[in-house]
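Biologist: I'm new to this one. Can you put it up and walk me through it?

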Amino acid sequence: MERLLEFIMNHPFLVSAFLIVLGLFVRNEVSRGGRGVTAQELVNLVNRDGALIVDVRDQKEFSEGHIVDAVNIPHAALPARLAEIERHKAKPVVVTCKMGQHAGTAGTVLRKAGFENVSRLKGGIMEWRNQNLPVVKGAGSKGGRKRAR
C-alpha cells in the first residue's frame, strides 16, 4: 500500500491519464447498451409507447417471475433468436436481466442488429421486485409473450 501511494505521488500525470481513460471506458460501455430506465419509466414506456420488454435471463429464472408481457430470450441465445423480435424494431425495446449485468451487452447486440430505441432496466428484475411491482409466474411460450390472467 505504501508503494502504491509513493507511485501515485511520483506520477500524478500518469495516474490522472489512467483515471480519465478508465472513466471514458466505463461511460462508453454503459452507453453502448442503451440508456438506463427506472421501473417507473419502464411502466410509462410500455403504457404510452407499447415498448417491448426482452428478459435475457434463463428460462428457469424467467418462469420464477417476470414482468407482464416480457419476451424471454436468454442472453446466450439472443444473437441467434433476433428474428423472433425483428418486427419490433420501430418500437422502444427495454432489456432486463436479474440485476442489470447482462442487459447492457444484450442492448449492444440489439443496437448492432438495427434496433434504434434500446434501453435497459436499471437494477434488473431485482429492482422491479424491490419496488413491489407485479410479476407473472410461469414459463409462457418459448420466446413468446405471456399475458397475465
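Modeller: Let's begin with H66. At 0% relative accessibility, H66 counts as buried. One thing to keep in mind is that this is a predicted model.

Biologist: What lies 2.9 Å from a polar atom of the H66 side chain?

Modeller: The backbone oxygen of F62.

Biologist: D69 is in that loop too, between α4 and β3. Is D69 buried or exposed?

Modeller: D69 has a relative accessible area of 17%, so it is buried. The cut-off for buried is under 20%. Its backbone stands out as well: phi of D69 is near 70°, a positive value in a residue other than glycine.

Biologist: Which residue has phi near 55°?

Modeller: N132, and that is also a positive value in a residue other than glycine. N132 lies in the segment after α6 (124-130). At 70% relative accessibility, N132 counts as exposed.

Biologist: Switching to strands. What covers β5, or is a face left open?

Modeller: Strand β5 covers residues 118-121, and both of its faces are covered. V118 and R120 sit on one side, S119 and L121 on the other, and all of them are buried.

Biologist: How many bridges join β1 to β5?

Modeller: 3 bridges, and the two strands run parallel. Strand β1 is residues 35-37. R35 stands opposite S119 in β5.

Biologist: And β4, how does that pair with β5?

Modeller: In the parallel sense, over 3 bridges. Strand β4 is residues 93-96. V93 has V118 as its bridge partner in β5.

Biologist: What does the chain pass through from β4 to β5?

Modeller: It crosses through helix α5 (residues 103-112). This β-α-β crossover is right-handed.

Biologist: Now charges. How many salt bridges does a search of the whole structure find?

Modeller: It finds 5 salt bridges. One of the pairs is R57 with D55, whose closest N and O atoms are 2.8 Å apart.

Biologist: Are R57 and D55 buried or exposed?

Modeller: R57 is buried, and so is D55.

Biologist: What is the partner of K60?

Modeller: K60 forms a salt bridge with E64, with the closest N and O atoms 3.6 Å apart. K60 is exposed, at a relative accessible area of 61%. E64 is partly exposed, at 42%.

Biologist: Which side chain meets K89?

Modeller: That of E86, in a salt bridge of 2.8 Å, N to O. K89 has a relative accessible area of 27%, so it is partly exposed. E86 is partly exposed too, at 34%.

Biologist: Last topic. Which residues form the nonpolar patch on the surface?

Modeller: M1, L4, L5, F7, I8 and L14. Together they have about 620 Å² of accessible area.

Biologist: Which helix gives the largest share?

Modeller: Helix α1 (residues 2-10), with 4 residues of the patch.

Biologist: Where does M1 lie?

Modeller: In the segment before α1. M1 counts as exposed because its relative accessibility is 75%, and the cut-off for exposed is over 50%.

Definitions and conventions:
Residues are numbered from 1 along each chain as its sequence is written. This is a predicted model: local features need pLDDT of at least 70, side-chain atom pairs count only at pLDDT 80 or more; totals for chains, interfaces and linings use all residues. Side-chain values use heavy atoms; hydrogens and water are left out. Buried means under 20% relative accessible area, exposed over 50%, partly exposed in between (1.4 Å probe, protein chains only). Two strands pair if DSSP finds at least two bridges between them. A crossover is right-handed if, with the strands pointing away from the viewer, the path from the first strand over the helix to the second runs clockwise. Patches are made of residues with over 30% relative accessible area and no salt bridge: like charges are joined within 9 Å, nonpolar side chains (Val, Leu, Ile, Met, Phe, Trp, Tyr) within 5 Å. Accessible areas come from the Shrake-Rupley method with a 1.4 Å probe; for residues, only the protein chains shown count as cover. A salt bridge is a side-chain nitrogen of Lys or Arg within 4 Å of a carboxyl oxygen of Asp or Glu. A polar contact is a pair of N or O atoms within 3.5 Å; within protein, one must be able to donate a hydrogen and the other to accept it, and residues adjacent in sequence count only if both atoms are side-chain atoms.
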